[in-house]
Amino acid sequence: LRELEAAQRTLLAEHEERIHLLEMERRRLHNDIQELKGNIRVFCRVRPLLPEERERQRGLPHLHFPPQDPRSLVLTRPDDSQVGRERRAELRYDFSFDRVFPPGASQQEIFQEIQLLVQSALDGYPVCIFAYGQTGSGKTFTMEGPEPAGPPERRGMIPRAVRHLFLGARDLAGKGWQYRFSASFLEIYNEALRDLLLAKGDRGSELEIRRLAPGSDELHVPNLTWVPVESEEQVLELLVRAGSQRSVARTGLNERSSRSHSVFQLRIQGEHAARDLRCASSLTLVDLAGSERLEKSGSVGNRLRETQSINSSLSSLGLVISALCNKEPHIPYRNSKLTFLLQNCLGGHAK
């Protein structure tokens, strides 16, 4: 029996070693695939018409989605001659993205496209996903859903991503990995950071972005609230708490326009005690404030300052993404609080 037990122990150790090597190979191959797809990707989602818009226009005749190419979007408009006597063919503009989602696309279809990126966060790579677009274009709906605790099929990217990570962590527990998760939620309003997880009425201390240590490139926000989370339901509660404190206002373009960038961060720490292995990463999901033209939004006073701050920080983000794409030696992260805060999530091996 002792000989049999020793043989079984040896066999078990061999199997555990093989499982570990296969898991490390899976992580390497998964990352190779993601880098081949591109560390920076742009998806386009076209939202359906709202009821009041359907009354003004019939469908979306100016938008065309080539059925054979899910990466293309064609925009057309009539080209009236200057003289007014002749009518020429309509003007056509072709756009190409990493993926285009027509108005009928579900939340699940959107998530399937980013699901593998979310897996990279569990494997130890920083991942950052933005919802970018004009005010009223459906960014908050895509990120959070119509209401955080609403029907599961309508939930947004944040609850879906968190659920995927918790399920993945459970699977990896069988391979010796143990994970801890903690979440924060802040907004950047007029270039100032506000903690959205404070209790109502609690002003909290002023938040600043600091280096983790002298000479370190790692950044953090001292005094920011971090909440340990272990389930999707806990994250949904945080979404409700944060949503009730976010800065919104009515403008000429949107009944309830987000006037700040909201940044949800999930800190992920993994440990394999038997092999003394550790990994740390973050998943950042950003619902950017909507860009808008001043003459259309009719913004004055505080609304005007908000709009100028929003448009300026979105321009800074565009410059950073462009510099990263072109592999420029200097990346202008410090041009705005948004890009400075996300510096660790955008450069290097980040997705």
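Figure 1. Take the contacts (heavy atoms within 4.5 Å) with a separation of 6 or more: residues 24 or more positions apart account for 64% of them. Residues are numbered from 1 along each chain as its sequence is written. The model being predicted, local features need pLDDT of at least 70 and side-chain atom pairs pLDDT 80 or more, while totals for chains, interfaces and linings use all residues, and side-chain values use heavy atoms, with hydrogens and water left out.

**Figure 2. Strand β15 and its partners.** Here's β15 (residues 277-287), largely enclosed by the rest of the structure because eight of its 11 residues are buried. Two strands count as paired if DSSP finds at least two bridges between them. On the parallel side, β6 (residues 127-131) pairs with β15 over five bridges, and V127 has L283 as its bridge partner. Strand β14 (residues 261-272) runs antiparallel to β15, joined by 11 bridges, with S262 bridged to D287. Four residues lie between the strands in the β14 and β15 hairpin, where D276 takes a positive phi near 55°.

**Figure 3. Helix α3 meets helix α5.** The axes of α3 (residues 107-122) and α5 (residues 157-173) come within 9 Å and cross at roughly 45°; axes are lines fitted to C-alpha atoms over the stretch in contact, with angles from 0 to 180 degrees between N-to-C directions. That makes the two helices oblique to each other (under 35 degrees is roughly parallel, over 145 roughly antiparallel, 65 to 115 roughly perpendicular and the rest oblique). Among the residues that meet are I110, F111 and I114 in α3 and A161, H164 and L165 in α5.

**Figure 4. F65 in its loop.** F65 sits in the loop between β2 (63-64) and β3 (72-80). This residue is partly exposed, at a relative accessible area of 27%. Neighbours within four places in sequence aside, F65 is in contact with V46, S72, L73, V100, P102 and P103. The C-alpha atoms of F65 and F101 are separated by 8.8 Å, though the two residues are 36 apart along the chain.

Methods:
Buried means under 20% relative accessible area, exposed over 50%, partly exposed in between (1.4 Å probe, protein chains only).
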